[in-house]
Amino acid sequence: MSDLRALYQEVIAEHNKNPRNFRWMEDANRMAVGVNPLCGDKLTVYMKVDEQGIVRDVSFEGSGCAISVSSASIMTQMLKGKKVEEAERLFNAFHEAVTKDDPQSDLEALGKIAVLAGVRAYPSRVKCATLSWHTMHAALEGEEWVSTE
Amino acid sequence: MNYPGDFMSTASEYLHRSKAYDVYSIRADFPILAERSNGKPLVYLDNAATSQKPRAVLEAMDWTYRHAYANVHRGVHTLSERATKAYEDARTRVQRFIGAADPREIVFVRGTTEAINLVASSFGRTNIHSGDEILITEMEHHSNIVPWQLLRDQTGAKLRVAPINETGELVMEEFERLLNERTRIVALVHVSNALGTINPVKRIVEMAHAMGAKVLVDGAQAVPHMRVDVQDLGCDFYAFSSHKLYGPSGVGVLYGRYELLDAMPPYQGGGEMIRRVTFERSDYAKPPTRFEAGTPNIVGPVGLAAAINYVEELGLDNIAAHEDDLLRYATEATAELPGMRIIGNAARKASILSFELEGIHPHDIGTIVDHEGVALRAGHHCAMPVMDHFKVPATTRASFGLYNTREEIDAFIASLHKVREVLG
């Protein structure tokens, strides 16, 4: 039996209560809306990427469960100042860590988002954890709408 | 071979105890209730989604596969006759259960959804035209919205929606205002799956008939909870699923008044539903065969009939009284919880407690209580317009069945305290 505490760690509860970078961004040059039609969760991710391909600012708005809100909050903290390629690498590594039966990426390479790796044990909740990341990826790809279904 | 008499002997056991509703001995009839979930005793409170199966249903189906299985209405051999008898006996069992006048008014389908689609497609396309109106309510399940939208788009008819109020009851004055001589059909839910509201179906049927409209009732949540008599209700069509009534999934019932069914064209074409086929034309069989194209779910109706025997032995009135007690007990107990808001407070309500806990998303509630062995439903319950009405993205829902106990509700409340503990 997986320990519930492995999923709902204090850091997740804390980010859920006080999400970081939870705001509209007036001068964003990348933006996408992510929806999970299954539960009605909806997040908007805003990004500001400069000519060198560095994420200068990233924020989000919307409503969701503790897993999706904390994941988005941690993601915005992690991506600020990172190169776009690094953001995509983190997206792929996190996605693999929570969806693959035999994930190759080690937890340390995931950085702070490793606290959400425990969602692997809850297949119905993986989409909650990855919603903001899919949305960020879509924003970088120039898509403005992404759905988990 | 006298099917299903072989199972009636076990049914007689229930007769003796139906005098006093003994929920603990009833629980012993459901093998799955002995399961543990996440190391805790299973507390299954997701009965509005689907219900668990008593041994009598499992055994009836197992027996049929072992001793009476062949294709129905075709073979001249003994086994086929035996299977046909079991299948047709099930039809008669359903007819008596819902008080229909004639077994030919019972069409076996896959479930409530297919039953509604059948009516929208077959009755709808022959009787509903451009400028006509279809009247539904704001509390409908998607299965009683989308088929009518498809029909509207195909015919140019208008789809009107009668609103609900803040307690989750139909606003009767608005319903009356929207009902008019252009209304061809009123399609409404008997008991709302998202709110628990029991609609005044009999009165609505009288109003609709006075206006010349037909009435379809979605009875998926009503049939497991209370006695339903289609002739007393006076409705033209009544749809329900076996799997919510402690029977197998994949089978459901469309009741339709015979003269209406007899005037309706086939819904699907194929084997079984014809009298004669040439390449020029086909003659269709009479109802209900006309609407049962192809090899049907043969054993499903047998399981449904066993489920009906089971609930009737317990007594629908006893079941309703038991579930009403659980709902009352749970409603009072949850009122003490901080941040608790019950969605759906109709004066007449059935065994469904839909709620939100302030600041906590239903999916987090669902996952955390699951760790305590408690199975709840979190989501929009296939009733997104209801969620929109109450301005919530989703709710958490506890729904009670004939085998639930007050102790299980205590465990459910304790698990909600655990949610606060984990998420603060």
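**Exercise 1.** Find the atom distance in the salt bridge that joins Asp364(B) to Arg125(A).

*Solution.* Asp364(B) and Arg125(A) form a salt bridge, with the closest N and O atoms 3.0 Å apart. The term requires a side-chain nitrogen of Lys or Arg within 4 Å of a carboxyl oxygen of Asp or Glu. Next, the total: the count between chain B and chain A is one salt bridge.

The model is predicted: local features need pLDDT of at least 70, side-chain atom pairs count only at pLDDT 80 or more, and totals for chains, interfaces and linings use all residues. Residues are numbered from 1 along each chain as its sequence is written, chains are lettered from A in the order in which they are written, and side-chain values use heavy atoms, without hydrogens and water.

**Exercise 2.** State how many residues of chain B and chain A are in contact, and what area they bury.

*Solution.* Start with contact (heavy atoms within 4.5 Å). Chain B brings 15 residues, chain A 21. Then take buried area, the accessible area (1.4 Å probe) that two parts lose on being put together, summed over both. Here it is about 1500 Å², 59% of it on carbon and sulfur atoms.

**Exercise 3.** Identify the buried residues of α13(B).

*Solution.* Buried means under 20% relative accessible area (1.4 Å probe, protein chains only). Helices are DSSP runs (H or I, at least four residues), numbered from the N terminus. Eight of the nine residues of α13(B) are buried. They are Pro362(B), His363(B), Asp364(B), Ile365(B), Gly366(B), Thr367(B), Ile368(B) and Val369(B). Asp364(B) also forms the salt bridge with Arg125(A).

Conventions: Buried < 20%, exposed > 50% of the residue type's maximum accessible area, 1.4 Å probe, protein only. Helix = DSSP H or I, 4+ residues; strand = E, 2+ residues; numbered from the N terminus.
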